[in-house]
Amino acid sequence: MAADAAHGKIEVGILGATGTVGQRFVRLLEDHPWFSLRWVAASDRSAGKRYAEAATWQLEGAPPASAADLRLDDCTPGRAPRLVFSSMSSDVAGEIERAFAAAGHVVVSNSSSYRMTPDVPLLVPEINPGHLGLLAAQRRERGWEGALVCNPNCAAVVLVMALAPLARFGLRRVVATTFQAVSGAGYPGVPSLDALGNVIPFIRGEEEKLEPETQKILGSLDGDRVRPFPVTVSAHCNRVPSLDGHLVTASIELEERPPLEAVRAALCSFRGLPQERRLPSAPARPIHLLDAPDRPQPRRDAGLENGMATAVGRVRECPVLGYKFVALSHNVLRGAAGAAVLNAELMMSEGLLD
Ligand SMILES: NC(=O)c1ccc[n+]([C@@H]2O[C@H](COP(=O)([O-])OP(=O)(O)OC[C@H]3O[C@@H](n4cnc5c(N)ncnc54)[C@H](OP(=O)(O)O)[C@@H]3O)[C@@H](O)[C@H]2O)c1
């Protein structure tokens with residue numbers, strides 16, 4: 001993989017660099033110790049323009065100097081570095097990502113197109129790093145020189161981070177209600193007259209993703225496939241006028257009946273490979289258990305550990321299913337760009353980017 005000669009870093013590119021998630025990639029890659037941003041691409045509307053001119057910059061300050069003068073390419077394989085992060089609109093991502101992987105690129109994607117494809121890892125490095133084993137089958141069966149790895153839906157990741165430490169108690173059923181920030185819809189996203197002072201009790205395609213993604217992420221690798229974890233998930237997904245951070249309230253049924261203290265201890269002590277290996281984007285504590293009765297809150301807690309930690313609070317008994325809690329993660333960081341960068345760091349630490 002081409003290295004940035006001056007700094008010994010791996011050169012990377014971004015497909016869909018101008019959007020909400022793309023801008024977070026640009027920011028996260030600005031001073032990344034292992035990766036150096038060299039190439040950006042977006043739609044035909046942006047191709048040929050300077051990054052700073054084409055992107056409607058939504059984050060604080062100005063676009064980083066390392067990206068501002070990059071000239072946007074179109075999303076065709078050939079000129080990009082081998083490792084590309086993808087944050088293209090979901091309606092176009094599928095075909096383009098496949099073309100890049102077939103042409104030898106390692107595509108680390110945010111889009112939903114291939115999350116449930118059997119030979120594509122749906123990766124959360126703290127939970128299922130072993131699912132990278134699917135890449136061998138992907139190469140063998142598709143004849144790809146490159147590879148394709150996905151991160152989960154931005155609401156699914158909130159739920160699965162909180163459920164993973166509890167799976168050992170025999171997780172059976174989950175009823176989850178989401179309160180999803182407007183940034184989850186990209187830019188310009190939800191019209192302000194719909195979003196402000198309002199709750200929209202419907203996000204197209206979202207509820208359908210929560211159950212299968214949870215089952216796949218918690219599932220076990222069985223040869224060339226993932227055997228889904230047998231949990232039933234019923235989701236209600238709502239768009240609310242918070243800016244960043246998807247909040248999820250969940251009631252869960254566990255086969256065992258551990259005391260609340262054991263549930264809290266399992267959440268608190270949860271760690272994974274990214275922490276063991278001290279990957280650059282890994283939070284020191286993937287789950288922060290909050291004690292205050294009115295937390296977590298998106299405005300106050302979505303930014304924990306650079307937006308990479310999940311906050312869990314209000315762990316208590318549920319008279320219907322047994323246990324209930326509130327969880328929150330930053331949808332554009334832990335739920336999108338940060339998750340993809342962590343995935344690439346895990347792949348690097350596994351020697352998969354050599
Ligand atoms: N926002 C979140 O919290 C979040 C979380 C998880 C996953 N995701 C997923 O991440 C992806 C990006 O989401 P977003 O919120 O960043 O959306 P967005 O703000 O609408 O950005 C979309 C990006 O896709 C590019 N694009 C649009 N049409 C294209 C085409 N025909 N060919 C190539 N590029 C094209 C846009 O380029 P132009 O600027 O040139 O139009 C822009 O860079 C989506 O698949 C979404 O489902 C988003």
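A nonpolar core is a set of buried Ala, Val, Leu, Ile, Met, Phe, Trp, Tyr and Cys residues joined through side-chain atoms within 4.5 Å, where buried means under 20% relative accessible area (1.4 Å probe, protein chains only). Before we look for one, note that this is a predicted model, in which local features need pLDDT of at least 70, side-chain atom pairs count only at pLDDT 80 or more, and totals for chains, interfaces and linings use all residues. Residues are numbered from 1 along each chain as its sequence is written, and side-chain values use heavy atoms, without hydrogens or water.

The largest nonpolar core has 58 residues, and Leu159, Leu166, Leu171, Val174, Ile252, Val312 and Phe325 touch the most other members. Helix H6 (residues 156-163) gives the most to this core, namely eight residues; helices (H or I, at least four residues) and strands (E, at least two) are DSSP runs, numbered from the N terminus. Apart from this core lies another, of 42 residues, including Val40, Leu132, Met308 and Val332.

Now for the sheet. Six strands form an open sheet with mixed pairing, in the order S11-S8-S12-S15-S14-S13; two strands pair if DSSP finds at least two bridges between them. At the edges, strands S11 (232-239) and S13 (287-290) each pair on one side only. Strand S8 (residues 171-180) pairs with S11 in the parallel sense over eight bridges, and glutamine 180 has arginine 239 in S11 as its bridge partner.

Note on methods:
Buried < 20%, exposed > 50% of the residue type's maximum accessible area, 1.4 Å probe, protein only.
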